[in-house]
Amino acid sequence: MVRVVPYAAIQFSAHEEYKRVLGHYYGFRGEALPPWPRLLAGALAGTTAASLTYPLDLVRARMAVTPKEMYSNIFHVFIRISREEGLKTLYHGFTPTVLGVIPYAGLSFFTYETLKSLHREYSGHRQPYPFERMIFGACAGIIGQSASYPLDVVRRRMQTAGVTGYPRASIACTLRTIVREEGAVRGLYKGLSMNWLKGPIAVGISFTTFDLMQILLRRLQS
């Protein structure tokens, strides 16, 4: 929760700002962006959020795979990593994270915004109902996670290398090790089916909550 709150806040805020900037640049003020700028806005928003909150993501990964006795709390993780492995370790695995978040966030926001635009065009309603937003968000989550999942596996392996017995290695070496030891499909897509259950629900709720809160705040302001 310590990670996801700032990550989501930064990502959605950045996305709105990137949409405004790109809309101004391409001459689409107040209108839906065309496909490429729509994809770019999502990718930039995800990259911004991941860059600013990455150490928290690494700490979460470490706490998930280590015994409870190893780290007493979040601050203890930061202190031990800094002392024993160096501050640079807090950004170990950052490159595959960014490479993964570009298609994930880009396709997620692109899919969601595109489905809302198509709904507005063909249904005649300006705004989708909440359950329709949930469905659009679920579709966005499935597409985004499926496209970026192999890099997510590489990221987790690199983040936890110091405590799981795997040697620290580059993206290419980590990728080769996973493929060699576990196979291309089984290794790089391990756990994807569970993410297909969790991801659409999480992303659907996230997008829907943001949209509804934005509508509420605009009404309160006016």
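Predicted model: local features only at pLDDT ≥ 70, side-chain atom pairs only at ≥ 80, totals over all residues.
**Overall build.** I went through the elements from the N terminus and got α-α-α-α-α-α-α-α-α. That makes nine helices and zero strands. The C-alpha atoms fill a box of roughly 55 × 40 × 35 Å along the principal axes. I then checked the radius of gyration: a compact globule of 222 residues would come out near 17 Å, and the protein has 19 Å, so the two agree. Of the 222 residues, 38% count as buried. I also looked at contacts with a separation of 6 or more, and 73% of them join residues 24 or more positions apart.

For residues 33-118, I found 78% helix and 0% strand, with the end C-alpha atoms 13 Å apart.

**Helix 9.** This one covers residues 192-221. At 1.5 Å a residue, its 30 residues should span 44 Å; I get 42 Å between the end C-alpha atoms, so that agrees. I did find a bend of about 30° at Lys-198, with Pro-200 following within four residues. Pro-200 is also on the buried list for this helix, as are Gly-199, Val-203, Gly-204, Phe-207 and Asp-211, among others. What covers the buried residues? I noted helix 1 (4-26), helix 4 (94-123) and helix 5 (130-159) among the cover.

Key:
Residues numbered from 1 in each chain as written. Heavy atoms only, no water. Helix = DSSP H or I, 4+ residues; strand = E, 2+ residues; numbered from the N terminus. Expected span 1.5 Å × (residues − 1). Bend = angle between axes of the 7 residues up to and from the residue. Buried < 20%, exposed > 50% of the residue type's maximum accessible area, 1.4 Å probe, protein only. Contact = heavy atoms within 4.5 Å. Rg over C-alpha atoms; globule rule 2.2 N^0.38 Å.
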